[in-house]
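Me: Could you walk me through this complex, one contact surface at a time?

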Number of protein chains: 2
Amino acid sequence: MSRATVYDVAREAGVSIKTVSRVVNGSEAVTPQTRDRVMAAVTALKYVPNSNALSLKSGSSRTVGVVVDSLADPFFAAIVAVVESKLVTAGYTVLVAATNRQGAREREQVIALTRHRIAGLLLVPASSDHTYLADALHGIPLVMVDRDGELPGCDVVRVQDHDAAQEAIAGMLAAGHRRIAFVGDSNALPTNRDRHRGYLDAFAAAGVPVDPELERWDSDQPDAAAGATRALLALPDPPTAFFCCHPRGAAGTIRALHELGRTDCAMISFGDVQLGDLLDPALTVIDHRPEELAEAAVALLLRRMTESATGEVGRDPEQIVLPLQLIRRGSGELTP
Amino acid sequence: MSRATVYDVAREAGVSIKTVSRVVNGSEAVTPQTRDRVMAAVTALKYVPNSNALSLKSGSSRTVGVVVDSLADPFFAAIVAVVESKLVTAGYTVLVAATNRQGAREREQVIALTRHRIAGLLLVPASSDHTYLADALHGIPLVMVDRDGELPGCDVVRVQDHDAAQEAIAGMLAAGHRRIAFVGDSNALPTNRDRHRGYLDAFAAAGVPVDPELERWDSDQPDAAAGATRALLALPDPPTAFFCCHPRGAAGTIRALHELGRTDCAMISFGDVQLGDLLDPALTVIDHRPEELAEAAVALLLRRMTESATGEVGRDPEQIVLPLQLIRRGSGELTP
DNA sequence: CAGGGTATTGACAGCGCTGTCAAAGATGGG
DNA sequence: CCCATCTTTGACAGCGCTGTCAATACCCTG
């Protein structure tokens with residue numbers, strides 16, 4: 001009744017368990033006849049190797065952990081999808097975990113993953129303190145994705161947050177906007193701080209003063225962003241343009257503008273929004289490129305895992321920074 | 001250098017490995033002093049139990065596999081997010097796998113998961129033949145999600161595909177539409193066939209003849225749906241309304257209608273589309289409720305896993321069918 | 001046909017953990 | 001103060017698998 005093991009297959013095929021192991025793993029020399037007998041037994045008994053036993057032996061399993069803010073968020077969902085696809089091809093299974101941006105949760109989730117002796121970890125940092133990782137991972141290869149965890153010696157794959165934001169804001173300033181709202185997510189995240197610095201630097205470069213009243217850091221959810229947008233528009237000297245730090249916030253800003261009938265307000269979202277091109281005006285966005293981010297991260301992680309397995313001495317930590325592109329669709333090009 | 005084991009902790013605390021096991025698992029009686037000594041050693045050595053060893057012993061790991069069409073699709077992403085959240089709370093780790101709707105891939109992925117001796121499986125069926133599951137799962141609890149796998153004796157959590165579609169079409173017929181296009185996904189999926197039957201039954205109930213020329217089964221991607229929409233509109237006697245079987249197809253139909261400036265066409269999407277309420281006209285949808293679907297599926301799976309672990313005899317297979325709601329936002333209520 | 005290799009196969013330990021059972025220590029009634 | 005009872009702790013096997021090393025079978029050369 002229980003699942004077949006190497007012993008069952010060995011008995012069925014009239015060989016030793018070691019030979020079964022050899023055939024199943026396919027590497028070592030085995031006579032064709034023996035191989036056939038074993039394969040027949042494998043098929044007859046529906047033998048499927050127990051990866052737990054394998055992992056126990058080898059000390060690490062062919063699994064990779066992926067920790068993101070939220071699995072439902074389209075940006076992270078796109079990342080997870082690419083990661084799964086690439087890793088399955090490479091013979092790994094993917095364990096997922098969500099942090100909901102809670103630093104404490106990140107740690108719990110990572111430690112839960114280490115129980116499984118994952119071979120590698122892709123982490124979108126949620127915590128500001130990653131010193132626990134050295135002890136928790138104990139040498140397991142780690143690649144930080146999208147955000148810099150500010151852990152010395154750590155591989156990171158991220159995007160040009162600062163430059164893309166600066167370019168977007170510079171365009172709005174060039175179009176004549178002077179009061180551009182910054183609808184920010186959480187300033188605990190380095191990415192958002194980078195985007196904010198891009199915002200500030202664009203103003204500085206244009207010699208336009210910044211009004212701190214137009215900066216909000218509370219809009220990590222659509223509803224909050226909608227509220228922030230309404231509040232900003234209710235100011236005595238309201239903004240004529242909106243820069244949304246995150247597509248989730250952008251959805252709120254879009255909704256608020258839509259409800260108020262404000263099709264005159266310029267707007268740019270950091271990160272694409274589904275169907276944004278069909279809105280009126282069509283949404284100008286900075287394409288966040290989750291797929292490329294994920295591909296680069298997986299490639300780097302696979303390399304690190306190979307190095308780790310072969311005992312090869314790891315090269316210097318990599319900092320891959322992908323360039324971003326502004327997709328001008330209308331809303332960002334409106335003049336005041 | 002290597003990771004600490006029970007032996008290391010036992011040595012450090014001056015007790016036997018069994019006592020370490022007892023303290024770590026917290027159930028059996030241990031003197032407070034002993035417990036403290038062991039806990040101190042656990043902390044000092046950063047001991048984290050090896051779940052592979054545990055699983056090898058017990059024969060099954062505290063992991064659950066989730067197999068969906070695509071991890072990037074918002075509908076499945078929402079499901080996976082809820083599943084992860086609930087299962088982590090229950091002490092499980094989640095393994096994900098995508099099928100991309102390829103039946104052969106489903107089998108491969110499921111078998112890959114069984115290597116890990118998962119404790120349960122949530123499966124969105126992609127294959128039409130699930131006879132392999134009996135052998136592959138070998139008693140592992142399984143809950144089919146969203147689609148009926150047509151496997152006798154299997155638990156299923158799905159939605160009222162037929163009724164919701166019929167209601168939507170009935171509304172359009174009542175509004176005076178006589179030519180309603182069916183922009184279908186793949187007719188290999190039972191859900192889509194159910195939705196199609198709902199479509200047909202609504203016509204039959206209204207005594208309106210169906211024109212097979214208005215039925216498309218090739219629109220599983222936005223581009224294909226956009227092409228199908230354009231082709232339908234180019235017919236001599238074009239449809240005045242569109243029923244999209246799937247939000248991915250709906251995105252294409254919306255795009256095609258938008259590009260042609262056809263704000264006069266009625267349209268209903270099966271499954272919600274992000275920002276659909278901000279389009280012009282706002283999109284009428286059948287809310288597919290991925291969160292409720294996932295919650296029901298996880299609850300059922302947890303119950304089955306408990307029954308399975310305690311050797312309790314499983315009750316009859318459950319067929320949970322969630323009712324759906326039509327969200328009228330304008331596009332579905334347009335008259336011809 | 002013997003000797004020395006090569007190709008193929010097998011016996012066995014041990015990865016980290018917990019269940020079983022037994023031993024040792026603590027407690028208390030007679 | 002002794003023995004029965006309960007509590008706490010420990011020794012050991014074994015979960016399924018592969019690495020190590022040894023044994024056997026086979027082949028070729030001289």
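The questions below take up the DNA strands and then the contact between the protein chains.

Me: What should I know about the model and its numbering?
Reply: This is a predicted model, where local features need pLDDT of at least 70, side-chain atom pairs count only at pLDDT 80 or more, and totals for chains, interfaces and linings use all residues. Side-chain values use heavy atoms, with hydrogens and water left out, residues are numbered from 1 along each chain as its sequence is written, and chains are lettered from A and ligands numbered from 1 in the order in which they are written.

Me: Which element supplies the largest share of the surface near DNA strand D?
Reply: Here a residue is near a strand if one of its heavy atoms lies within 4 Å of it. Helices (DSSP runs of H or I, at least four residues) and strands (E, at least two) are numbered from the N terminus. Those giving at least two residues each are α1, α2 and α4 of chain A, with α2 and α4 of chain B. The largest share, four residues, comes from α2(A).

Me: Which side chain has an N or O atom 3.1 Å from a base nitrogen of DNA strand D?
Reply: A polar contact is a pair of N or O atoms within 3.5 Å; within protein, one must be able to donate a hydrogen and the other to accept it, and residues adjacent in sequence count only if both atoms are side-chain atoms. On a base oxygen of DNA strand D, the side chain of Lys57(A) has an N or O atom at 3.1 Å. For the base nitrogen, the side chain at 3.1 Å is that of Lys57(B).

Me: How far is the side chain of Tyr47(B) from a phosphate oxygen of DNA strand C?
Reply: Tyr47(B) is one of the residues that come nearest to DNA strand C, together with Val6(B), Thr19(A), Thr34(A) and Lys57(A). For an N or O atom in the side chain of Tyr47(B), the distance to a phosphate oxygen is 2.4 Å.

Me: What area is buried between chain B and chain A?
Reply: The contact (heavy atoms within 4.5 Å) takes 52 residues from chain B and 51 residues from chain A. Buried area is the accessible area (1.4 Å probe) that two parts lose on being put together, summed over both. Carbon and sulfur atoms give 58% of the area, and the total is about 4,800 Å².

Me: How many salt bridges cross the interface of chain B and chain A?
Reply: The rule asks for a side-chain nitrogen of Lys or Arg within 4 Å of a carboxyl oxygen of Asp or Glu. One of the pairs is Lys46(B) with Asp135(A), whose closest N and O atoms are 3.5 Å apart. Across the interface, the number of salt bridges is four.

Me: Which residue of β2(B) stands opposite Val96(A)?
Reply: Two strands pair if DSSP finds at least two bridges between them. Strand β2 of chain A and β2(B) pair in the antiparallel sense over three bridges. Opposite Val96(A) stands Val94(B).
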